[in-house]
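Me: I would like to learn how to read the features of a structure like this one. Please take them one at a time.

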Amino acid sequence: MINFAGKVRKKDSKSGIPLASMPDIIFILLLFFMVSTVLKEIDVKVTYDLPETVTSEKFDNRRLTAWLYIGKDGKIQVNDMVVGLSAVKERFEIIRSRMNNVVVQMRVDKNVPMSLVESVQLELRKAKCLRVNYISSHKEKDEK
Amino acid sequence: MSFIRRRRKGFPDVPLASMSDIAFLLLIFFIVAATIDVDTGISLSLPEYKPNEAPTQIEKKRVLEVRLSTENLTLNGKNATLAELYNAVTTAVRSTTDKPDDEKPITLLLYQGNVVYNRYIAALDQIKHGYKTVQDEVSRKKFGRAFRSLSEDDRETINSIVPVYISVGEIKNND
C-alpha cells in the first residue's frame, strides 16, 4: 500500500494478541476452578425430592457432618452405604466414635411417611447422634 | 485541496500494564458470582433416648399443641391453616418476650405416622418462621439490626429473650 508521501508502509508486527498476561489468565482460571469445585462428594444411591421451606439456615460445617438419605422407595443411605433400618444405629455409633459432636444432615424425600422418619430418628437417638438438620430447598416467598 | 502530509500511524498498541488489573477484576467477579453449594434447611436437636421415660409435665397454658394428620392440622384442638399456625406462634412468642423463662411458650408438633414428610416439614417451617420473625423484631429493637447480621454474643442474648422451644413427636395409638 502506498500512502500520500509515496512511502511503502511497513507491516506492523506489534498488533498481535499480547502474550504477557497469559499466565495471569491461566492463573485465574485455575483459581476459579479450585474455588468452585467441591472436593468430596458422596455417591448418592437413592433418589429423593427435597421439601421446600421459607426459613432456611445455612449449614457449611462440613467437617463434623454425617449424611443420611431416605429415598423415595424408603431406602436408607448413611454416608456412602445403603443400609437397612436395623443397621442405622450401628453405623452412627461408629461415626460418633470418630466425631463426638456429629451433625446429621438428613436429606429425606418429600413423600416418605413420618413413621419411617420417626423410626430412623429413634435409631439416631439410641446412637446418641442428637443434632439433626433437615435439608430443604429454599422457597423465596410464602405462597399464601 | 491542500496537500498536507498526513502521517498514518500503525495500529495503536493495547496497553498491557492494566491487563493484570482486568484479570484480577474478572477473578473477583467470578469469586463473588460463583455460588458454592451450601446446604440449607431446618435444624433440630433430638431428645436423648431414655427407655421408659416418664413424660415431663408442662403447664398447659405454655403449650401450643399442633396435631398433624393426613387430612387436617389442629392447633390446641381447633382446625387451622398453616398461615394461622404461623400467626399463633408469632403472637404467643411475641407476648412472652418479657416473661421469665419458665413461662415462655413451647410448641408441640405431633404427627401421625402416615403423614408425609413434606407436610411435617411445612408445619415445622411455619413454626420456626414464627420464632424467627419475633427474634428479628427483638433484634431490631435492641440492636437496630437483623438477627442474622448479629455477632455470636448478641445472638445468645436474643436467644435467651426469645428461646426456640419446639418439641416434636409421633402420636401413638393410645394418645
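Reply: We begin with contact, meaning heavy atoms within 4.5 Å. Here 46 residues of chain B are in contact with 54 residues of chain A. The model is predicted: local features need pLDDT of at least 70 and side-chain atom pairs count only at pLDDT 80 or more, while totals for chains, interfaces and linings use all residues. Residues are numbered from 1 along each chain as its sequence is written, chains are lettered from A and ligands numbered from 1 in the order in which they are written, and side-chain values use heavy atoms, with hydrogens and water left out.

Me: What area is buried between chain B and chain A?

Reply: The size of an interface is often given as the accessible area lost when the parts come together. Buried area is that loss for two parts (1.4 Å probe), summed over both. For chain B and chain A it is about 4700 Å², and carbon and sulfur atoms give 61% of this. Asp39(B), Leu46(B) and Tyr117(B) supply 18% of the area that chain B buries against chain A, more than any other three residues.

Me: How many salt bridges does the rule find across the interface of chain B and chain A?

Reply: The rule asks for a side-chain nitrogen of Lys or Arg within 4 Å of a carboxyl oxygen of Asp or Glu. Across this interface it finds three. One of them joins Glu57(A) and Lys128(B), at 3.6 Å from N to O.

Me: Which elements of chain B supply the side that touches chain A?

Reply: Helices (H or I, at least four residues) and strands (E, at least two) are DSSP runs, numbered from the N terminus. Helix 1 (19-33), strand 1 (39-45), helix 2 (82-94) and helix 3 (117-143) of chain B each supply at least two residues of that side. Helix 3 of chain B gives the most, with 10 residues.

Me: How does strand 1 of chain B run relative to strand 2 of chain A, parallel or antiparallel?

Reply: Strands of a sheet pair through backbone hydrogen bonds, either parallel or antiparallel. Two strands count as paired if DSSP finds at least two bridges between them. Strand 2 (residues 57-59) of chain A and strand 1 of chain B run antiparallel, joined by three bridges. Within this pairing, Lys58(A) has Thr40(B) as its bridge partner.

Me: What is the strand order in the open sheet of chain B?

Reply: The order is 4-3-2-5-6, five strands with mixed pairing. Strand 4 (78-79) and strand 6 (166-170) of chain B are the edge strands, each pairing on one side only. Strand 3 (residues 73-75) of chain B pairs with strand 4 of chain B in the antiparallel sense over two bridges; there, Thr74(B) is the bridge partner of Asn79(B).

Me: How many salt bridges are found over all chains?

Reply: The search of the whole structure finds nine. Among them is Lys89(A) with Glu93(A), whose closest N and O atoms are 4.0 Å apart. Both residues lie in helix 2 (residues 85-98) of chain A, four residues apart, about one turn of the helix.
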